[in-house]
Amino acid sequence: MNSLVFPGQGSQFPGMGKEIYESRADIKEMMNSANDILGFNIIDIMFKGTEEQLKQTKVTQPAIFIYSIASAKVNENARIEMVAGHSLGEFSALVGNGVLSFDNGLKLVYERALAMQEACEENPSSMAAVIGLDDETVEKVCQEISSENNIVVPANYNCPGQLVISGHTEAVKQACETLKEKGAKRAILLPVSGAFHSPLMKSAEKRLEEVILKTKFNTPSVPIYQNYTSKAVTNIEKIKENLIKQLTSPVNWTKIIRNMIQDNCSVFTETGPGKVLQGLIKKIDSSVEVSSLSN
């Protein structure tokens with residue numbers, strides 16, 4: 001079985017999407033419409049902006065979403081039987097399986113970006129990548145260090161031996177030191193503006209929930225494997241519920257890929273900028289076929 005998988009924040013690069021934009025008139029029209037929806041010229045930033053400009057959350061998230069949907073549109077006649085997206089990529093996946101329109105998906109992504117940025121400003125916080133330790137050890141260290149006012153939690157289960165933690169900056173730094181002592185090959189702070197996929201995103205979750213509940217969701221053409229549950233979902237109300245919980249809960253990417261493989265998926269096509277997901281999927285199961293639709 002074939003699937004599309006959509007990347008999340010961190011996959012952006014200067015000049016992203018220009019080749020796809022110039023490939024077809026209907027894709028150019030769709031991408032240009034994003035400027036009107038957002039109220040600023042995001043296409044110009046995607047094509048001509050600097051890395052620093054693209055790193056701004058309010059730019060990064062819609063830019064990756066736009067690129068991902070344009071990439072999927074190039075291959076819209078391909079046979080697809082399931083979809084998934086890493087964090088932000090879940091919104092792209094929901095356009096990919098027909099649950100959201102491009103316009104509504106982009107509006108949700110932009111609202112998500114603004115809500116997350118606001119939550120970051122409320123709480124000085126960060127994330128760190130932990131390489132070379134089992135999940136259980138990382139979970140235990142986070143649990144031992146974390147307190148009500150000094151939170152650190154697992155945030156992204158990317159692949160075996162790679163887990164991202166998230167929380168208050170001091171708690172994250174403390175966890176990094178302890179995890180190095182426990183044998184982590186690396187435990188390094190990431191260049192992000194806040195603690196994504198942690199309880200510190202609660203205010204963003206509430207803000208996004210209001211918008212999600214007002215947005216039109218359609219019946220999916222194929223199942224989506226969501227970050228919150230890691231399982232196949234086709235029920236619209238469940239999809240909404242899982243999408244809301246995603247901001248304060250970990251991304252269960254390892255489980256998602258294993259569940260898709262268990263459900264007979266053997267071909268994963270990354271749809272969007274970069275090749276991050278291809279690398280992660282190969283580390284989860286080297287026997288599956290991975291490819292890319294990006295330029």
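**Ground rules**

I note that the model is predicted, that local features need pLDDT of at least 70 and side-chain atom pairs pLDDT 80 or more, while totals for chains, interfaces and linings use all residues. Residues are numbered from 1 along each chain as its sequence is written, and side-chain values use heavy atoms, with hydrogens and water left out. For the elements I keep to DSSP runs, with helices as H or I of at least four residues and strands as E of at least two, numbered from the N terminus.

**The four-stranded sheet**

I went on from that bridge to the strands around it. Strand β3 (residues 125-131) and strand β5 (residues 162-168) are joined by seven bridges in the antiparallel sense; two strands count as paired if DSSP finds at least two bridges between them. Both belong to an open sheet of four strands, ordered β4-β5-β3-β6, in which the pairing is antiparallel. At the edges I find β4 (152-159) and β6 (186-189), each of which pairs on one side only. From one strand to the next the twist averages 20°, with axes taken as lines fitted to C-alpha atoms (for helices over the stretch in contact) and angles running from 0 to 180 degrees between N-to-C directions. Helix α8 (residues 135-145) packs on this sheet and touches β3, β4 and β5, its direction making about 165° with that of β4.

Within β5 I also checked Gln-162. Gln-162 is buried at a relative accessible area of 18%, where buried means under 20%, exposed over 50% and partly exposed in between, with a 1.4 Å probe and protein chains only. Leaving aside neighbours within four places in sequence, the contacts of Gln-162 (heavy atoms within 4.5 Å) are Val-130, Ile-131, Asn-156, Tyr-157, Leu-280 and Lys-283.

**The six-stranded sheet**

Next I traced the open sheet of six strands, which has the order β8-β7-β2-β1-β9-β10 and mixed pairing. β8 (232-233) and β10 (289-292) are at its edges with a single partner strand each, so one side of each has no neighbour in the sheet. Strand β1 (residues 2-6) runs parallel to β2 and is joined to β2 by four bridges, with Phe-6 opposite Gly-85. On β2 and strand β7 (residues 224-225) I record two bridges in the parallel sense, and here Val-83 stands opposite Ile-224. In strand β2 (residues 82-85), Met-82 and Ala-84 point one way and Val-83 and Gly-85 the other, and all are buried. Helix α13 (residues 276-284) lies across β1, β9 (267-270) and β10, and runs at about 175° to β10.

**Helices α5 and α6**

How do the axes of helix α5 and helix α6 cross, and within what distance do they come? For α5 (residues 57-74) and α6 (residues 89-96) I noted that the axes come within 9 Å and cross at roughly 30°. That makes α5 roughly parallel to α6, on a scale where angles under 35 degrees are roughly parallel, over 145 roughly antiparallel, 65 to 115 roughly perpendicular and the rest oblique. The contact is made by Phe-65, Ser-68 and Ile-69 of α5 with Phe-91, Ser-92 and Val-95 of α6. These residues divide into four nonpolar, two polar and no charged, with Ala, Val, Leu, Ile, Met, Phe, Trp, Tyr, Cys and Pro counted as nonpolar, Asp, Glu, Lys and Arg as charged, and the others, Gly among them, as polar.

Seven of the eight residues of α6 are buried, so α6 is largely enclosed by the rest of the structure. Just after α6, I noted that Gly-98 takes a positive phi of about 85°.

In α5 I looked at Pro-62, which counts as buried at 0% relative accessibility. Beyond neighbours within four places in sequence, Pro-62 is in contact with Leu-38, Ile-42, Thr-57, Leu-106, Val-109 and Tyr-110.

His-197, in the loop between β6 and α10 (202-214), has a positive phi of about 55° and counts as buried at 3% relative accessibility. Asn-264, in the loop between α12 (253-262) and β9, has a phi near 80°, and Asn-264 is exposed, with a relative accessible area of 55%.
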